[in-house]
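Visitor: Please show me the model, and let me ask how its labels were assigned.

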Amino acid sequence: MEVEFVDNVGLAFRVGDQLIDDTPFVITSDGTVGIGTSAPTARLAISYDGTDDIFRIDDVAGDTTPLVVSADGSLGIGVSSPSTALQIGTGSIGFADGDMDVYVGGTLEVDGSVHVDGSIIAGQYYGDGSG
């Protein structure tokens, strides 16, 4: 492993692997951080081409996974292996402020019950017509 402080190439700090000429971690002179890239394109940029999770936060006990980004880009919240683009485990979705609306641009499928505390407004209604 190679650790160096470099100013002449726009890097403030770099950790490299001398054997494969890779840069697993870099902090540029403007403060951007790159993991797996020597040229981060955001405040935190992660570049990865493997099959393991890209990013993961586990709790101290290791019995839950509060957040994971899998190798295919799926995001799991409270789920260790998300099977869809966004999968949320047990719990609920809440809003701190704003209009409290949830918009779905496509089909919303519910496997279970839908509870409504308020009005249902629909452009088209499909169902048995009972109210």
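Predicted model: local features only at pLDDT ≥ 70, side-chain atom pairs only at ≥ 80, totals over all residues.

Guide: Residues are numbered from 1 along each chain as its sequence is written, and side-chain values use heavy atoms, with hydrogens and water left out.

Visitor: What makes up the secondary structure of the chain?

Guide: The chain has 0 helices and 9 strands, and the order from the N terminus is β-β-β-β-β-β-β-β-β. Helices (H or I, at least four residues) and strands (E, at least two) are DSSP runs, numbered from the N terminus.

Visitor: Why is Ser-70 called buried?

Guide: Buried means under 20% relative accessible area, exposed over 50%, and partly exposed in between, with a 1.4 Å probe and protein chains only. Ser-70 has a relative accessible area of 10%, so Ser-70 is buried. Ser-70 lies in the loop between strand E7 (67–69) and strand E8 (75–77). Of the 131 residues of the chain, 16% count as buried.

Visitor: What does Ser-70 touch, not counting residues up to four places away in sequence?

Guide: Ser-70 touches Asp-53, Ile-54 and Pro-82 on that count, where contact means heavy atoms within 4.5 Å.

Visitor: What joins the side chains of Ser-70 and Asp-72?

Guide: They are joined by a polar contact of 2.4 Å. The term stands for a pair of N or O atoms within 3.5 Å; within protein, one must be able to donate a hydrogen and the other to accept it, and residues adjacent in sequence count only if both atoms are side-chain atoms. The 2.4 Å of this pair is therefore within the limit of 3.5 Å.

Visitor: How many salt bridges does the structure hold, and what makes them salt bridges?

Guide: The structure holds 2. A salt bridge is a side-chain nitrogen of Lys or Arg within 4 Å of a carboxyl oxygen of Asp or Glu. Arg-56 and Asp-53 meet at 2.2 Å, N to O, and for Asp-58 and Arg-56 the closest N and O atoms are 3.2 Å apart. Both distances are within 4 Å, so both pairs qualify.

Visitor: Which residues form the nonpolar patch on the surface?

Guide: Ile-35, Leu-44, Ile-46, Tyr-48, Phe-55 and Ile-57 form the patch, with about 490 Å² of accessible area together. Strand E5 (44–46) and strand E6 (55–57) each supply at least two of its residues. Leu-44 lies in strand E5 and, with a relative accessible area of 49%, is partly exposed.

Visitor: Is Thr-51 buried or exposed, and why?

Guide: Thr-51 has a relative accessible area of 74%, which is over 50%, so Thr-51 is exposed. Thr-51 is found in the loop between E5 and E6. Thr-51 and Ala-71 are 20 residues apart in sequence and 5.4 Å apart in space, C-alpha to C-alpha.

Definitions and conventions:
Patch = residues over 30% accessible without salt bridge, like charges linked within 9 Å, V, L, I, M, F, W, Y side chains within 5 Å. Areas by Shrake-Rupley, 256 points an atom, 1.4 Å probe, with all protein chains shown as cover.
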